[in-house]
Amino acid sequence: MSNNIGVKQREHNRNRHKKRIKSLAEQILNRFFPLASMLPEKDIFHINWNELIKELSHSFRSSRDIKLGFNHCVSLITKRIDEQQSDIEPPTYWISQKADTSIRSQSWVSQATAFQKLYHSWMEELSTLKSSKNMNRNCRSIVLSLICHSGCCDPKLITAFCKKLNDQLNIKHINNMPFVELTINAPGYNSNVTQDKEVLTIYNCFLSPLTLGFINKWLALKSQPENSASIAPETSKGITALIKGCDTKVQLNLASNLKGLCASALRIIERLPDVTVNQAMLEYATGTNKSYSLPSQNLSRLKTTPIKHNYSPITFHTPFAHVKFDKEKTRSLLPSKSFFNDLTTALRENGVKKLSARQLTKSLEDLQSQLTLSTAQEILLRWLIMKSKTCKPSSIRTYHSTLSRKWLYFSEKYQLEDIDNEDLLDLYQTLINNTVRRKQKDLLSDRLNDFHSFAVREFNLPLLNEPIHMGKQEKSHTSAGFVDETLFRGLLNTINNIIDLDNQEKLIIQAVLIISYRCGLRIGEVTKLRLRDIETSATGWLEIRENQYGNNKSNAALRKVPLFPLLLELEKNIVRQVLHNTRAANINRTDSALAFGIGVNKDELIDKTHLSRFTSTTLRELSGLEHFVFHHLRHSAISRLQLMIELDNPQELLPEAVPYSKTEIDRIIHLIIGGTIRNQYYAIAAFNGHGSPEVCFSHYFHFCDIILGHQLSKMKLTATQKQIKLMGLGSRRGIRQLLLSQSDNQTVSIKLFLPYLIQRLKIQDITQTSALPHNHSSGEIKLNNTKQKTVSISTCYAVLQHIHHGIEPTEVCHKFQIEQETVQKWYANAMALRQLMTKYKKPRLRFVEGSFLPAKPTEKNESKWLSKLISKSRVQFSEDRENIIQAIKYCLDNTSSSRSGVYFNSPEDLSQFISAFSFAIPKSKWRIVTLLLEHSPQKKQWSSAFSGIDTVVGKIASPKGRKGRGAVRLELKHSNEKHMIKKHQQKYSSSALLYFIHMVSIMMWNAPIQENSFIKGENK
């Protein structure tokens, strides 16, 4: 048999060398850590490990061999640490990273010099020709100008442009900046636009006046019958041949393909007169830094900003199917590594007999019954069980190796019980991005689509706004969108129409949206901010860090962000008012309290699903555009920041995108970028919580096209009147007048030719071509920043809490900005309610021990349910005021602190009470405790009154003696009653409704106010 030769022999030699290195490394490891003995203590372990590293460096020659041997030792010692369940921290692997290859290589310099000669030769040719009626020459001028003057150096865009040139260009303009939309269908590009349920990649290519001039000449010549059949080349090879031309002298050292020619053109672009384009924008021009344009309808809003005014009442807590989990904790109850090992063992064959599908399913089901699982672990395990019933065991093992480890590791960062669709999509994208090869990415994407469908069906995880695009047939999607200033003010104004939030809670929602829109914070980052995370200074630095309310998305998300310099004056007032109110209500003065909490429990995060749903729905209704989501507030902040660092006066070019003055812009840039502009894009990435600018370009920067087009439009052209006429930039008379008006009649700004070209080519304003929503007005919107007229139950409780702690009432009134008469009324009502007694002289209501404060539910689920009750009551109270007040009065007269629930001796009263609260409390939430009903003559009426409600027999009537009417006690089930029953309790009632009635009575009663009542209350 012949020996291996060539590729096979080299591969055989490499494998043999690796095997020898690993064997020698294993021998060295066993010398310092004998295989048969237990691992030493931590201190001794670290000493031996350092000695092992020295031995490895002496034993191997090359750094590659040292790295291979070291990583093999790490793998072996980590396995032994797990087997011995040692508390020693495993060493980290050795990872090397190569620097990126420089674009400006020696070959590039040579090709760029040759292209520069070609460019100057072309420009000289334009100045010497008497007239140009050659269609091929005119087409070449268009392409060269498109590359060199319009900055379109991406071969895919050039071929797309040539196809449009042969069909119909359909040029538009925004603020006198002409552009053409180019559609790309090629791998490596994300989609950014959805049209008729189809996702497309559409770039906005802004055209230089010089390019428009050559297009003008081309269209004029093509209108002649003899040239009607002329077309531009549509392939990369054809365009390359067109650019090179026929001059063999010029072709020397030129790049051989279109991609190389486009890269060579960067030398021309960066040396255009009066043009400054940085390296980041040059790489965007070539497609190295891919960034995606706004959809045309969204782009048109930067000039005309119609919104639909919404004055009708709306609700924040819109009913919808929410994520429901049996477990309260989504963090691992079982360590992920141990669970992964157990799962791997369950899937492994024993080497004796092949594992059948039935045996595999049983093994997984046994694992599920034996372990206490977190939600992430249970979703994964149940999905594998479901797949095992239809797939082969080998396929299940493949799914396990593809998905399990990544899912268990990265899902630890998220609280799956509160996760929204944006965070869930980010989680899936993280799993895909942490996969190296394209084929593996495709396989993982397919698994995730199936995995998510199962999780939605079985665990009620939220549906995704966008598909998981990563397969060969589908593209990854960039949700390009920008919220303009007028639309954002409309969003804030709409909050004033919410009827299930009080005024203080409306301010909190406004503050959260403002911070996300101005500072670019993710929804989870802004909702978890604590008081200690907001610096009390003029800048108001925000610290984005992990805390008890949530984790950061990644290590790069740990950062500091300036707050107040990024806010407009009215927005500063709103945020400061909210922070003032939060600190005022913080009776315990703890810095770990949430800065933005709504509802009864201020230590509970704002429901991100409600917040996201309200924001996206409102933005879509106001703008008429269906692609807006909450995350576009973050997109807007990041895109706005790029405009400020790239353009000199962005507030003049795009006032709907940048609302700051020049002084404010300079201060913001100094705070974020610092004194140097060299690493400005890395500073933006750090500001946004990204590891590199690549993510910003591919997903968040949506104005690269405008920035590049605006910078190139500053070019000044040195040419004679004849040359300008040959370029198609104007009429003879217009050009002569234009040159005479210039101080230097040989140099003119190319912007001055735009009015003629826009008129000549009939370029339409984007506002005329975009299908704007009907019945929308564009009037100016002013924020309603009025002082709060109504006070929430939470604020009332905080005020009384301050008084109970002996704080001066005048100071309390000033602190909460509430009239003294109102506070005095609350105090008088609270003291009067404390005096309510039963006929047995027992208090009817429950109070905090030694206080006049109502006993407040503290359990998380109870507080959440109570917040929903309060929100629904705000809506219902105006419609059914009399019945609700009557039910409250009845409850105060028929309850006792020694018994749970409300006492009823009449079925009619019971029916009225249940009906009064039916808007918020379903029958499944109630429980009836019957008292002496067995022989009641009204037994049928009682049964009808509490039909559909669970009943418990409280007291059995005797068959002897007089028959009474009977009675019942109506109790509210505790939100965690099922959990309580598991702990051997028969029932567990809730005091949430009584607390609500107690607080409403404090705020609505009109008890007589005694003189110096505050002083008496303080002394008590």
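## Salt bridges, a helix and paired strands

The structure holds 30 salt bridges. A salt bridge here is a side-chain nitrogen of Lys or Arg within 4 Å of a carboxyl oxygen of Asp or Glu. This is a predicted model: local features need pLDDT of at least 70, side-chain atom pairs count only at pLDDT 80 or more, and totals for chains, interfaces and linings use all residues. Residues are numbered from 1 along each chain as its sequence is written, and side-chain values use heavy atoms, with hydrogens and water left out.

| Pair | N to O distance |
|---|---|
| Arg 457 and Glu 458 | 3.8 Å |
| Arg 522 and Glu 525 | 2.6 Å |
| Asp 648 and Lys 714 | 3.4 Å |

The pair Asp 648 and Lys 714 links distant parts of the chain, 66 residues apart. Asp 648 sits in the loop between α24 (632–646) and α25 (650–653). Lys 714 sits in the loop between α29 (704–712) and β7 (716–718). Salt bridges that share partners also join Arg 927, Arg 969, Glu 971, Glu 977 and Lys 987 into one network.

Are Arg 522 and Glu 525 buried or exposed? Both are buried. Buried means under 20% relative accessible area, exposed means over 50%, and partly exposed lies in between (1.4 Å probe, protein chains only). Asp 648 is partly exposed at 48% relative accessibility. Lys 714 is partly exposed too, at 26%. Glu 458 is partly exposed, with a relative accessible area of 36%.

Now for a helix. Helices (H or I, at least four residues) and strands (E, at least two) are DSSP runs, numbered from the N terminus. Helix α17 covers residues 421–433. Its expected span is 1.5 Å times one less than its number of residues. For the 13 residues of α17 that gives 18 Å, and the end C-alpha atoms are 18 Å apart, which agrees. Eleven of the 13 residues are buried, so α17 is largely enclosed by the rest of the structure. The buried residues include Leu 424, Tyr 428 and Ile 432.

Strands come last. Two strands pair if DSSP finds at least two bridges between them. Strand β10 (residues 895–896) pairs with β11 (residues 899–904) in the antiparallel sense, over two bridges. A hairpin of two residues joins β10 to β11. Thr 895 has Val 902 in β11 as its bridge partner. β11 also runs antiparallel to β14 (residues 967–972), with three bridges between them. There, Phe 904 stands opposite Val 968 in β14.
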